Amino acid sequence: MTIDRKIPPRIKLPVEFELRLPECRSFSLSNGVQVYALDMGSEDVLMLNWVFYAGNHFEKQNTIAPAVNYLLKNGTSTRTAYQIEESVDFYGAYLNRACYNETAELVLHTLSRHVGELLPVVADILTDAVFPEEEIKIYAQNAIQKLKIGLQKSDFVAGRIIDAKLFGKEHPYGKYSNIKDYEAIARPQLLSFYNQYYKNGHCVIFVAGKLPPDLEEQLEKHFGGLPLKPHTTVAIPEKKIQPATEKVEHIMNDPNGVQASIRIGRNFPNRHHPDFIPMLVLNNVLGGFFGSRLMANIREEKGYTYGIYSYLLNHIQESGLMISTEAGRDVMNATIEEVFKELERLQNELIDKEELDITRNYMIGSILGDLDGPFQVIGRWKNLILNGLTEEFFYKSLETIKTIKAEELKKIAEKYFVKDDFYQLTVI
């Protein structure tokens, strides 16, 4: 067949693609710990992710969970912090850690052929971390200095306060650290938390990339005999959400500041609620991408800000809808007024077909990008599994994005875009 080069190929829109989530196989180690493995990609690279239920949801003393997580690789009885870093760097690998609300994790990126040399290092960290006093002191000093710098910035302060308003200062989603919390960090508390939630904790492992043929045996050898427990048996402590009664607050953090950080938010159900997926679509129309209404009005037309976005919070127990921007002090109130005008428009007017089609194609295109590579795909699986969802949620999301009608979105807006339900916070 001869190709006529004068005729351009037909443009295929993202919504026309039939997306499939690549399959992820699972197996269990001898101790019951589940491993989710994705064999994908042609490059000799691998990512291993150990997820523990060791977030700040489980701590009895503020800042202990992130401190333990950060100090995991700062020394064992046989390796100093420098030797651990050297062991990883020698193979051109990267070992990172992170702490969230319910979970905390270690993430290893390496060439697939070096995994056998690096798994013993990770096992050593998870069974024999010693939390040297000098490392604890350095961590606390750095954290205090970072906090002092952050407290001078309006966006940092706004992020702390709005979370506390939505969930309450005592809830893991709303509490924040103070200097006294870091000064109170002590080795016995760190070791106790480590022993309970890492050494003997609930764990799930995610691995993606070009998998070595003996990966299952390697993981069993180094982690199958550890006193770890499966993530399916974890009991996440119930924490009562106590939103603030005061809905509008203005904080003067810097009397000489010329820019205001604006946060407008409300509580919203988690992913298991039937309104969650429709709200994902509606949120994108409102402020989820550069072509959204908030951007078109407040950035492009009014010139009040360089950028304004809305998004759903990535929490397990309960989500939240957040609108976030920085604007000039002199246009702070005008910016807030325009935000609520856009919320009201979505309550009162149907979204036209062209705008909804643009949003659909943007969202499907973003998912297409997320499926381009093993690390992104395993991230999708991880998000489903940690939220107690199946791949059905993924396909239901696609179907909703492609088919939801403007009338349905208007009903969601009428239900959730009520001005009196939103918290308004400005920090200068």
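A pocket, on a 1 Å grid over the protein atoms alone, is an open set of points where a 1.4 Å probe fits, with protein on both sides within 12 Å along at least five of seven lines. Lining residues have an atom within 4 Å of a point.

**Entry 1: ground rules.** I am working on a predicted model, where local features need pLDDT of at least 70, side-chain atom pairs count only at pLDDT 80 or more, and totals for chains, interfaces and linings use all residues. I number residues from 1 along each chain as its sequence is written, and side-chain values use heavy atoms, with hydrogens and water left out.

**Entry 2: the largest pocket.** I looked up its space and found about 1400 Å³. Such a volume is the space filled by probe spheres set on the points, which are joined across faces, edges and corners. I found 42 lining residues, and Asn56, Pro66, Cys99, Tyr100 and Asn101 lie nearest the centre. Which element gives the largest share of this lining? I found α4, with seven residues. Helices (H or I, at least four residues) and strands (E, at least two) are DSSP runs, numbered from the N terminus.

**Entry 3: the second largest pocket.** I read a volume of about 670 Å³. Of its 26 lining residues, Phe276, Leu280, Asp370, Arg380 and Asn383 are the closest to the centre. Elements that supply at least two lining residues each include α9 (276–288) and β10 (308–312).

**Entry 4: Val418.** I placed Val418 in the loop between α15 (406–416) and β12 (423–427). Its C-alpha atom is 36 Å from that of Ala54, 364 residues apart along the chain.
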